Amino acid sequence: MTKATPQAGRPAAGQQGFHLGADIAAPSGNYRWVKLWGWPIRLMHWLAVGTMVALVVTGLYIGKPYFMAGGDTRDHFLMGWMRFIHFAAAAIFATTAIWRIYWLFAGNRFERLPALFPIRPRDWVNMVKQVKFYAMIEPEKAPHYLGHNPLQQLSYTGVYFLAMVMIVSGFALYGQSDPSGFFYKAFNWVGIVMGGMPVVRFVHHVLTWAFLIFIPMHIYLAVRADVLERGGVISSIFTGGRFVPAKHHFVDGEDLNE
Ligand code: HEM
């Protein structure tokens with residue numbers, strides 16, 4: 001008996017079940033590879049991923065220890081290690097934030113401020129079109145962006161804002177242990193502005209859940225785009241570039257359309 005050979009991108013005849021991306025026709029035609037993200041952005045992204053995971057895991061433990069080690073506390077020093085990892089990760093996380101701010105001005109045109117924050121009128125017009133695309137109202141009118149589309153711009157702006165609040169509130173909490181120290185002097189205003197340190201702690205805790213919601217959404221949307229558009233969007237955060245159909249007009253890629 002001969003086995004059916006599946007066509008590129010199609011499940012073999014008689015194959016049942018779920019085939020990730022297999023029902024979508026394989027891309028064909030003229031594609032080109034465009035370089036989007038430089039190594040500093042890619043490195044910053046992966047440092048942020050690693051430190052964010054460490055911060056969530058250790059932060060939730062600090063707030064409510066979800067397991068205990070047996071034996072004498074002095075021997076395992078579990079909470080001490082959790083706090084040490086939290087603060088070490090916080091230092092790297094804050095460094096990536098400073099680095100990102102610098103790169104808003106020093107990066108390439110896909111990494112700079114105007115490409116990240118929807119500050120241009122055309123981005124707000126395109127945002128409506130993008131929402132209609134996702135809602136399948138007018139999918140054919142979706143604007144094509146090489147870098148971030150306006151909805152991505154808005155959500156990344158939101159995530160960067162959250163990160164800043166986490167950093168500022170975190171350093172305000174950190175400073176409380178030494179009222180004569182640098183961090184107390186530099187960040188104690190946060191408690192005054194927010195209405196007391198219990199509020200700062202509450203905000204720091206609640207926003208952790210915003211990160212926990214963002215992470216799976218971000219991964220889902222990246223996998224979804226990779227599967228539907230077949231442009232290698234996930235590889236772009238490793239290699240720096242992705243494939244795009246040469247015939248598309250890109251809102252942010254004027255010179256590519258010449
Ligand atoms: C994505 C970033 C971060 C996440 C998700 C996170 C998460 C958390 C959580 C859930 C807690 C426990 C809050 C509670 O008491 O219920 C916590 C505590 C704390 N975090 Fe963060 N955090 C982050 C960033 C930072 C940063 C940048 C700093 C800066 C130093 C920081 C410093 C602290 C401090 C000092 C505490 C209190 C520790 C203690 O009471 O011993 N955090 N964090």
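Predicted model: local features only at pLDDT ≥ 70, side-chain atom pairs only at ≥ 80, totals over all residues.
Let me begin with a term that I will need throughout: a residue is called buried here if 20 or more other C-beta atoms lie within 10 Å of its own, exposed if 12 or fewer, and partly exposed in between. With that in hand, we can turn to helix H7, where Phe187, Val190 and Gly191 are buried.

The protein chain holds nine helices and two strands, and if you follow the chain from the N terminus, the elements come in the order β-α-α-α-α-α-α-α-α-α-β. There are 258 residues in the protein chain, and buried residues make up 16% of them. If we take the contacts with a separation of 6 or more, 61% of them are accounted for by residues 24 or more positions apart.

Now to the ligand. There are 24 residues around it, and those that come nearest are Leu55, Gly59, Gly63, Ala90 and Gly170. The elements that give two or more residues to this shell are helix H1, spanning 39–63, helix H3, spanning 78–106, helix H6, spanning 150–175, and helix H8, spanning 197–229. Which of the elements gives the most to the shell around the ligand? That is H1, with seven residues. Sorted by class, the shell is made of 15 nonpolar residues, seven polar ones and two charged ones.

Two of these helices, H1 and H3, also pack against each other, at an angle of about 150° and with their axes 8 Å apart. The residues of this contact divide into 18 nonpolar, five polar and two charged. As for its handedness, H1 passes H3 in a left-handed crossing.

Let me return to H7, which runs over residues 182–194 and has a kink of about 35° centred on Asn188. Just after H7 comes Gly195, which takes a positive phi of about 100°.

Phe183 is found in H7, and it counts as partly exposed because it has 17 C-beta neighbours inside 10 Å. Leaving aside residues up to four places away in sequence, Phe183 touches Phe171, Tyr174 and Gly175.

Is Lys185 buried or exposed? Lys185 is exposed, because 12 other C-beta atoms lie within 10 Å, and a residue with 12 or fewer is placed in that class. Between the C-alpha atoms of Lys185 and Ala172, which are 13 residues apart along the chain, the separation is 9.2 Å.

I would like to finish with two places in the backbone. Most residues other than glycine have a negative phi. Against that background, Phe77 has a positive phi of about 55° although it is not a glycine. Phe77 has its place in the loop between helix H2, which covers 73–76, and H3, and it counts as partly exposed because it has 13 C-beta neighbours inside 10 Å.

The other place is Met136, which is likewise not a glycine and has a positive phi of about 60°. Where is Met136 found? It is in the loop between helix H5, which covers 121–134, and H6. Met136 is exposed, because 7 other C-beta atoms lie within 10 Å of its own.

Notes:
Residues numbered from 1 in each chain as written. Near = placed C-beta within 6 Å. Helix = DSSP H or I, 4+ residues; strand = E, 2+ residues; numbered from the N terminus. Nonpolar A, V, L, I, M, F, W, Y, C, P; charged D, E, K, R; others polar. Contact = placed C-beta atoms within 7 Å. Bend = angle between axes of the 7 residues up to and from the residue. Axes fitted to C-alpha atoms, helices over the stretch in contact; angles between N-to-C directions. Left-handed = near helix turned anticlockwise from the far one by under 90°.
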